[in-house]
Amino acid sequence: MTAEQLAQEFNKRNPRHKVAFVACYVLELLERIGRPCCCVEPLLEGRYHKHNNNDGHVGSDRDTPQAFSHFTYEHSKRKLLVCDIQGVADFYTDPQIHSVDAKGFGLGNLGKDGIAKFLMTHKCRDECRRIGLVPSKSIPLPSNPNARFSNGQWGVGAALVAGTAAPRAGVGVKGPSTKLAEHMQREENIKWNDIDQRLAR
């Protein structure tokens, strides 16, 4: 997974806190009609935090998650940016990747607009300086943010390599997976009807 590879590179810079991404898997449900697929991952135990999203919002004051997102842009030669950083401590899940060409990485890839929104809200602090990143205020924006994404509703299922959206709570899942799906839905503030309408176009 691209995000985990970048996490390993980040850790080589000797940050105060090392980061990692939980592995996720796509399961084909062979005994169900249509053999649908779903995404599953281990449940992270502990206090869950959403540190940033794919629309420029900063959700916590911790240095490490923001520095990691900044690092991914620099390390990729300003071609990719990993955001939507969330999880328990520095063990993250369900990231979103923006690419300058806006190709791949699911519906949440806002391309240059998403990268620009991160750079506009990111403030370098101790961790960015510690690992030797170029100050974000001196990085030129790749483009002007596109207003149509300002509602922040596109943070869906970016960790799914196949580019599909995260499972809906209570739809085709039972047991612990339902709790995970409900948690993902709350954390992402997803408006499923809006997404369904956009996908139908």
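Residues are classed here as buried under 20% relative accessible area, exposed over 50% and partly exposed in between (1.4 Å probe, protein chains only). The structure is a predicted model, in which local features need pLDDT of at least 70 and side-chain atom pairs count only at pLDDT 80 or more, while totals for chains, interfaces and linings use all residues. Residues are numbered from 1 along each chain as its sequence is written, and side-chain values use heavy atoms, with hydrogens and water left out.

At 3% relative accessibility, Cys128 counts as buried, whereas Cys124 is partly exposed, with a relative accessible area of 21%. Cys124 is in no disulfide, and the nearest cysteine sulfur, that of Cys128, is 3.8 Å away. Cys128 likewise is in no disulfide, its nearest cysteine sulfur being that of Cys124.

Secondary structure was assigned from DSSP runs, helices being H or I of at least four residues and strands E of at least two, numbered from the N terminus. An open sheet is formed by 4 strands in the order E1-E7-E6-E4, with mixed pairing; two strands pair if DSSP finds at least two bridges between them. Strands E1 and E4 stand at the edges with a single partner strand each, so one side of each is left without a neighbour in the sheet. Strand E4 and strand E6 (residues 86-88) run antiparallel and are joined by 3 bridges. Within E6, Val88 is the bridge partner of Tyr48.

Helix H3 (residues 111-121) is largely enclosed by the rest of the structure, because 8 of its 11 residues are buried. The buried residues are Gly111, Asp113, Gly114, Ile115, Ala116, Lys117, Phe118 and Leu119. They pack against helix H2 (63-75), strand E5 (80-83) and strand E8 (96-99), contact meaning heavy atoms within 4.5 Å. Strand E8 also holds Gln96, which is buried with a relative accessible area of 0%. The side chain of Gln96 reaches the backbone oxygen of Phe105 at 3.0 Å.

Nonpolar cores were defined as sets of buried Ala, Val, Leu, Ile, Met, Phe, Trp, Tyr and Cys residues joined through side-chain atoms within 4.5 Å. The largest has 17 residues, of which Phe10, Val19, Phe21, Phe68, Val82 and Ile85 touch the most other members. At least two residues of this core are supplied by each of helix H1 (2-11), H2 and E5. The largest share, 4 residues, comes from H1. Leaving aside residues up to four places away in sequence, Ile85 touches Phe21, His49, Lys50, His51, Asn52, Pro65, Phe68, Ser69 and Tyr92. A second, separate core of 7 residues includes Tyr73, Leu81, Cys83 and Ile115.

Side chains of opposite charge can pair when their charged atoms come close. A salt bridge was counted where a side-chain nitrogen of Lys or Arg lies within 4 Å of a carboxyl oxygen of Asp or Glu. By this rule the count comes to 10 salt bridges. One of these joins Glu127 and Arg16, with the closest N and O atoms 3.5 Å apart. Glu127 lies in helix H4 (residues 126-130) and Arg16 in the loop between H1 and strand E1 (20-21), so the pair ties together parts that are 111 residues apart in sequence. Glu127 counts as buried at 1% relative accessibility, and Arg16 as partly exposed at 47%.

Asp55 forms a salt bridge with Lys117, the closest N and O atoms being 3.0 Å apart. This pair links distant parts of the chain, Asp55 in the loop between strand E4 (48-50) and H2 and Lys117 in helix H3, 62 residues apart. Both Asp55 and Lys117 are buried. Arg125 and Asp63 meet through their side chains in a salt bridge at 2.5 Å, N to O. Here the loop between H3 and H4, which holds Arg125, is linked to helix H2, which holds Asp63, the two residues being 62 residues apart. Arg125 counts as partly exposed, at 36% relative accessibility. Salt bridges that share partners join Arg16, Glu127 and Arg130 into one network.

How values were computed:
A polar contact is a pair of N or O atoms within 3.5 Å; within protein, one must be able to donate a hydrogen and the other to accept it, and residues adjacent in sequence count only if both atoms are side-chain atoms. A disulfide is a pair of cysteine sulfur atoms within 2.5 Å.
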